[in-house]
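Dear colleague,

Please find the structure below, handed over for your files. My notes on it follow directly after.

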Amino acid sequence: LDGVIEGNMVRRFGAICIVVDTRADFGGQTNVDILNNDIDECHPIGRVAAIKVGSPPVGTLSPKEPITATGNVNVIGNTIRNSSEDCLNNAIAFDVFAGRIERNRIIDFVKPCASQTPRNLPGAIWLGLRVMGLTKPPMTPTVRFNDIHGNAHAGLRVAPDQTMAADVSCNYWGSPQGPSGIGPGVGDAIVVEPGAPAPVFMPFATAPIAQTTRTTC
């Protein structure tokens with residue numbers, strides 16, 4: 001591992017609370033675990049996210065410079081809050097790497113005032129980038145065993161640059177009937193931007209699961 005960020009309480013940070021970026025040359029291998037942190041009141045100027053994993057700021061990216069970075073970044077067991085009701089787009093914004101987003105609690109995080117940035121659109125978890133035309137490895141994390149509910153706009157949003165269907169099964173979306181959006185229920189929505197593959201969201205958890213030991217739903 002290149003890093004373990006574990007067991008921290010992060011409060012009132014004037015930027016994104018946790019950032020894992022590729023190297024400056026967009027290459028190499030990066031392996032990081034973000035585990036069991038309690039995160040609240042992140043206030044980045046761009047309103048991007050509380051945790052950002054993947055490529056550097058979009059202003060540094062170009063179709064002429066391929067992203068070749070690989071690795072696994074795991075975001076597991078975190079509680080991510082927005083008690084100050086800031087207009088943050090995402091609790092977790094993730095692109096480039098593979099890994100696992102599991103056992104996180106993202107409840108009432110995304111507020112109606114969240115809008116958009118050149119990088120992302122509102123949703124508790126955002127996979128990918130709005131920027132099109134970049135060359136990068138076809139990777140995506142699995143998103144499982146999370147409690148995601150009470151979020152405006154979307155619980156999960158898949159960006160238009162994604163090429164792989166993500167496994168987002170066994171999450172609790174705030175309703176026993178499952179997610180709304182492309183799902184059958186009335187829980188937080190799964191939203192897929194045009195051109196992206198729909199994630200595999202079934203089966204889904206019918207009750208909170210993040211703080212249990214269950215490995216099926």
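The lining of the largest pocket divides by class into 8 nonpolar, 4 polar and 2 charged residues, where Ala, Val, Leu, Ile, Met, Phe, Trp, Tyr, Cys and Pro count as nonpolar, Asp, Glu, Lys and Arg as charged, and the others, Gly among them, as polar. The model is a predicted one, in which local features need pLDDT of at least 70 and side-chain atom pairs count only at pLDDT 80 or more, while totals for chains, interfaces and linings use all residues. Residues are numbered from 1 along each chain as its sequence is written, and side-chain values use heavy atoms, with hydrogens and water left out.

Of the 14 residues lining the largest pocket, Lys136, Pro137, Asp161, Gln162 and Thr163 lie nearest its centre. This pocket holds about 170 Å³ of space. On a 1 Å grid over the protein atoms alone, a pocket is an open set of points with protein on both sides within 12 Å along at least five of seven lines, a cavity is a set where a 1.4 Å probe fits but cannot get out, and lining residues have an atom within 4 Å of a point. Grid points are joined across faces, edges and corners, and a volume is the space filled by probe spheres set on the points.

The count comes to 1 cavity of 30 Å³ or more. The largest cavity has a volume of about 30 Å³, and its lining comprises 7 nonpolar, 2 polar and no charged residues. Among those lining residues are Leu127, Thr140, Val158, Gln162 and Met164.

Turning to the sheets, an open sheet of 7 strands with parallel pairing runs in the order E3-E6-E9-E12-E15-E17-E16. Strands E3 (18-21) and E16 (179-181) are its edge strands, each pairing on one side only. Strands are DSSP runs (E, at least two residues), numbered from the N terminus, and two of them pair if DSSP finds at least two bridges between them. Within this sheet, E6 (residues 49-54) and E9 (residues 90-94) pair in the parallel sense over 4 bridges, and Ala49 has Asn90 in E9 as its bridge partner.

A second open sheet, of 5 strands, has parallel pairing and the order E1-E4-E7-E10-E13. Strands E1 (3-6) and E13 (142-144) each have a single partner strand, so one side of each is left without a neighbour in the sheet. E1 pairs in the parallel sense with E4 (residues 32-35) over 4 bridges, and Glu6 stands opposite Leu35 in E4.

Yours sincerely
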